[in-house]
Amino acid sequence: MSFPVIAIDGPSASGKGTIAVRVAQKLGWAYLDSGALYRLTALLAQQEKVHWQDESAVAQLAKSLPVCFENGKIFLNQQEVTEAIRAEEIGMGASKIAALPAVRTALLQRQRDFAEISPTVADGRDMASVVFPDAVLKIFLTASAQVRAQRRAKQIGQPEHGEAFEKILADIEKRDEADCNRPVAPLVKQPDALLLDTSNMTIDEAVNQVLVWYNDKV
Ligand code: C5P
């Protein structure tokens, strides 16, 4: 029997990771960062000199990803890669390999296994549509591209204007375009998902809203 899941999908830099972690902490549930699995696969392919377009070779790596999640840290082949997988280049690589059907299939069971062990808050792009269609609560969490770019700039200590900022915004828009328009598991709001636009919300407000919706369901 699987445990209950709260599925949170949304675009890049929407804050879904931060919010999902806090909701999981409040409920005492596990947290699944599905994007990390795609990022880890992209990083491993880079390390093994496997081309990101080589579907069967990348899927092979994804199938036996030597990963370990421990106290908020992520290890690949016993090496800590918590920071390394957040690099923009690896994010783009993740987006590329995430468009390959065989790679998505290879990572599917690994994601579902989380809910075999514990109630889980899962964040990603296809949590509600593909991985956990029976999730007890489905949320589509977003914010305007401008606000997401400002948050990303703040996070990495860059000014919220000028050339560097324009590049951050352009990267976010490029990744949105790729994630929303790919033929396999595109990022779309499911009809039964609740929309949470955090453009004008604090993290605490967003977390509370998710908890209110969850309490309404149970
Ligand atoms: O969420 P994050 O930015 O870490 O995800 C990195 C990339 O992995 C996304 O741009 C997306 O292409 C892909 N991804 C996905 N499905 C998920 C999670 C992430 O396709 N469930």
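**Ground rules**

I am working with a predicted model, where local features need pLDDT of at least 70, side-chain atom pairs count only at pLDDT 80 or more, and totals for chains, interfaces and linings use all residues. Residues are numbered from 1 along each chain as its sequence is written, and side-chain values use heavy atoms, with hydrogens and water left out.

**Entry 1: the ligand**

I started with the ligand and asked: how many residues surround it? I got 17, and the closest are Arg 39, Arg 104, Arg 125, Asp 179 and Arg 182. A residue is near a molecule or strand here if one of its heavy atoms lies within 4 Å of it.

I then looked up polar contacts (pairs of N or O atoms within 3.5 Å; within protein, one must be able to donate a hydrogen and the other to accept it, and residues adjacent in sequence count only if both atoms are side-chain atoms). The side chain of Ser 34 has an N or O atom 2.9 Å from a nitrogen atom of the ligand. For Arg 39, an N or O atom of the side chain is 2.6 Å from a ligand oxygen. Arg 104 puts a polar side-chain atom 2.8 Å from an oxygen atom of the ligand. On its own the ligand has 460 Å² of accessible area, and the protein covers 97% of that. Those areas come from the Shrake-Rupley method with a 1.4 Å probe; for residues, only the protein chains shown count as cover.

Which helix gives the most to the shell? That is α2, with four residues. I noted that α2 (34-47), α4 (88-97) and α8 (162-181) each supply at least two shell residues. Helices (H or I, at least four residues) and strands (E, at least two) are DSSP runs, numbered from the N terminus.

By type, the shell has nine charged residues, four polar and four nonpolar. In this count Ala, Val, Leu, Ile, Met, Phe, Trp, Tyr, Cys and Pro are nonpolar, Asp, Glu, Lys and Arg are charged, and the others, Gly among them, are polar.

**Entry 2: Asp 179**

I picked Asp 179 from the ligand's closest residues and found it in helix α8. Buried or exposed? Asp 179 is buried, at 5% relative accessible area; buried means under 20%, exposed over 50%, and partly exposed in between (1.4 Å probe, protein chains only). Its side chain makes a polar contact of 3.1 Å with that of Ser 95. Setting aside neighbours within four places in sequence, I listed its contacts (heavy atoms within 4.5 Å) as Ser 95, Arg 125, Pro 186 and Leu 187. Ser 12 is 167 residues away along the chain, yet the two C-alpha atoms are separated by 9.0 Å.

Next I went to the strands. Five of the five residues of β1 are buried, so the rest of the structure largely encloses this strand. I checked the faces of β1: Val 5, Ala 7 and Asp 9 are buried on one side, Ile 6 and Ile 8 on the other. In a regular strand the side chains alternate between the two faces of the sheet.

β7 (residues 137-142) is mostly covered too, with six of its six residues buried.

I traced the pairing next; two strands pair if DSSP finds at least two bridges between them. Ala 7 has Lys 138 as its bridge partner in β7 and Ala 122 in β6. β7 also pairs in parallel with β8 (residues 194-197), over four bridges.

**Entry 3: β3, β4 and β5**

I found an open, antiparallel sheet of three strands in the order β3-β4-β5. β3 and β5 (79-80) are the edge strands, each with a single partner, so one side of each has no neighbour in the sheet. Two bridges join β4 (residues 73-76) to β5, and Phe 75 has Glu 80 as its bridge partner there.

Phe 69 sits in β3 (residues 67-70) and is partly exposed, at 36% relative accessible area. Not counting residues up to four places away in sequence, I saw Phe 69 touch Ala 36, Leu 37, Leu 40, Ile 74 and Phe 114.
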